[in-house]
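We will go from one selection to the next.

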Amino acid sequence: MNEPANPLAPEEAGGTTEHLDEMTCLLYAERQLDRARAQAVSAHAQDCAECRTLLRALDRESRLLTRAMLEEDEPLPSRLAEFQERARKSFGWIWGVVLGLAATGVYALYTGYVEPLQQRLEQAGFGGTSLLSLLVFQGAFWKGWQSMMTLFEVLAMVTVAGFGALIFRRRLRRGSAFALVLAGLCAALALPAPAGATEFHKGDTYELAKDQTVHSDLFITGARARIDGTVDGDVFFFGQSIDISGHVKGDAIVFAQSVRVSGQIDGNIRSATNNLNITGTVARNVLTFNETVNLDAAGKIGGSLTAMGQTVSVDGHLGRDLLDMGDETIISGTIEGEVRSKGRSMSIASTAQVAGPIHFEGEHEATVDSGAKLASPVQFTQEKRQSQYEQGHYYVWRIIWTAAFVLFGLVLFLLLPKFAAEVVSAGERVGAPIGLGVLVFFGVPIAALIAIVTVVGIPLSVLTVGVWLLALFCAEIVVGAVVGNWILGKPTDTWGLIGRMALGFVIVRIVYTPLAHVHVIGALVGLGIWIWGMGAIALALYNRLQPTMPQSVMPGPVPPVSLPPHTTVGGIQPA
Amino acid sequence: MSVPGMTETTEAVARARAGDAEAWGQIYREMGPAIFRFCRRALPTREDAEDATMEIFSKLWEGKLSQYDETRSFSAWLYRVAANHCWDILRRRKIRQDKETEDIDNVPLEHPDPNQLDRLIEQKTSEEVRHALDKLGARARMALVLRYYSDMSYDEIADALGVRRAFVGVVLLRARHELRQALEGKSALAAGGTS
């Protein structure tokens, strides 16, 4: 230990005195010396100007420290002021409401969207168990998607990242947190792809010659691709057009403008395209989202065809069911299973053969040419054009969705109270958030599209789009909070902000709901809300990422501060 | 130990221990702000201080208050609870810097020039000192806060920091040296050191 030297050395031979060391001076100033040593220090200081100066400086330093720490340079946070009251409240009922609303929301989502889709998919022959098992456990679908960053993975990552940020936010300075996130992102992108049987190709064009074989999965990004050879695994393609005239022993997962299949695919096709034209053979099922699907007269699908698009044309042979939702359905080939279709019109040519029942829901009855071989007449359901405003459940669902949004906002505001306040404050500036919102609303998807053309950019772009969608989802909540603030004035705490958000959101919904159905105006108002809300979020994020400026030092004399009654000022240790 | 800005609330404490919610509110109103400011000085960020203050009072509410010895000063006891809590937070985070964990016995302190020190103290404002305090290591800042904000005795500081009583003076002196370095660094920068 740096024990002080003898503080009170006697006079030296030369008549000079040894100065007191700083530790002794401090202990004297702090009244920590015993009486004898303190008296000796006092006596020394009377004759030694330098030590007197040191004692005085230490004493002033003590006072400066006390004064600096006692001055109230910042107000007491409001949440501490509320703490006492909140500590006495039971939050049980709030969480009860939260869980109840959440359960209602999940139920609404399931019955409104998942269950009907599940039923239709089952009817279309996709396994017949459940949507969950279809998505997760059935080999064909899962095999194709497991190599990619699925929506589930993205959501899981975002959730984990969010919780991680919440846990570590207090431990990291703003800059270092940002640097950490960037570094993590870069590391994730820089990491080599997991070792696996996948061959990657990136470039303008790709061609697999007729005599060539890829003994693994094939992952292609580029403008055009042509597969004349054989692929033992699955084919993944992201690009403009692909022509499969060879043999794919696995599945084809395709995101492209144009897809032409003239060869043979032993597995399934999962695609999101503009045009899908099948003149060859697909041994199993086809699931596609696009504008035009054409199963050519020479084409054959061993399983089912599920299509969501504008025009679906079946001229060839379909081994099982047809399920389609779109505008126009044309059947002139053979369908071994049943047909379920919803759209504007259906035409069945004289060459058509359908082994199962045909259900069609649309504006007009299906046109059936004479000569068509149908197992049973078309069961037609007239599409109901009753105004949704005349339906009671419309209002019930609006209320449920509004409550779900308010609940979502409540959770967000409680999780991130400071950031929520910053976002709402940014939103109140109107001009800046709208300007920035235009940039973010249009710019981010474009940037994501540009990033997606590279293999490395795909995860990044998916993540970016996920964040963008989340911001879009929150935009109306932000606008609601701003409106609530305008009506009720500035809140003093988080619960006040939540209350204003709820009120403002309900008002925005009430005003916007009828407007949404007015041509052009509805779209413009909705767009405005999105842009405004997203801009506010972006502006708050931007402000957060700005380096904080040091507070200017106020010149002038130190304001008088009353010292605590027992502040030490030096001298002998009190008895 | 005296506590700035606080009044003794022995009666309220007794009632609070008996389950009187109103007395609890009185204790919180009287001592909450001072404990928050203590935490604010001892911990790196305002958010940390807010959380710590709520955790300290939650501890009291959940039973810690029963450990209070009524024959002693409540405010002094509460400050010790707060000091221990803040020190635990810092220890858990392992943010004690190397200079705090290294064997400081072996690092000699330079004797200051009294006149230079006097001038430095003369020139500095409270705000500059607060900024400099934020730059100190956890132990140094905690020691200064315990001594010059909470006015704790050397024995109490030794107990709170888990060091020997004889070592407290050294800790405080080193903390002051750190503080001076931080103050001088800041003034050098302000004088034109932009690199």
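Here is a tour of the two chains, one stop at a time.

**Before you start.** This is a predicted model: local features need pLDDT of at least 70 and side-chain atom pairs count only at pLDDT 80 or more, while totals for chains, interfaces and linings use all residues. Residues are numbered from 1 along each chain as its sequence is written, chains are lettered from A and ligands numbered from 1 in the order in which they are written, and side-chain values use heavy atoms, with hydrogens and water left out.

**Stop 1: chain A.** Select chain A and colour it by secondary structure: you will find 15 helices and 24 strands. Helices (H or I, at least four residues) and strands (E, at least two) are DSSP runs, numbered from the N terminus. Of its 575 residues, 39% are buried, where buried means under 20% relative accessible area with a 1.4 Å probe, counting protein chains only (exposed is over 50%, partly exposed in between).

**Stop 2: the open sheet.** Still in chain A, pick out the 10 strands that run in the order E3-E5-E7-E9-E11-E13-E15-E17-E20-E23, with parallel pairing. At the edges lie E3 (213-214) and E23 (373-374) of chain A, each pairing on one side only. Two strands pair if DSSP finds at least two bridges between them. Within this sheet, zoom in on E13 (residues 300-301) and E15 (residues 317-318) of chain A, a parallel pair with 2 bridges. Lys300(A) sits opposite His317(A) in E15(A).

**Stop 3: strand E21.** Now select residues 358-362 of chain A, which make up strand E21. Is this strand largely enclosed or open? Because 4 of its 5 residues are buried, E21(A) is largely enclosed by the rest of the structure.

**Stop 4: chain B.** Finally, select chain B, which has 10 helices and 0 strands. Buried residues account for 57% of its 195 residues. Taking contacts (heavy atoms within 4.5 Å) between residues at least 6 apart in sequence, 70% in chain B join residues at least 24 apart; in chain A, 32% do.
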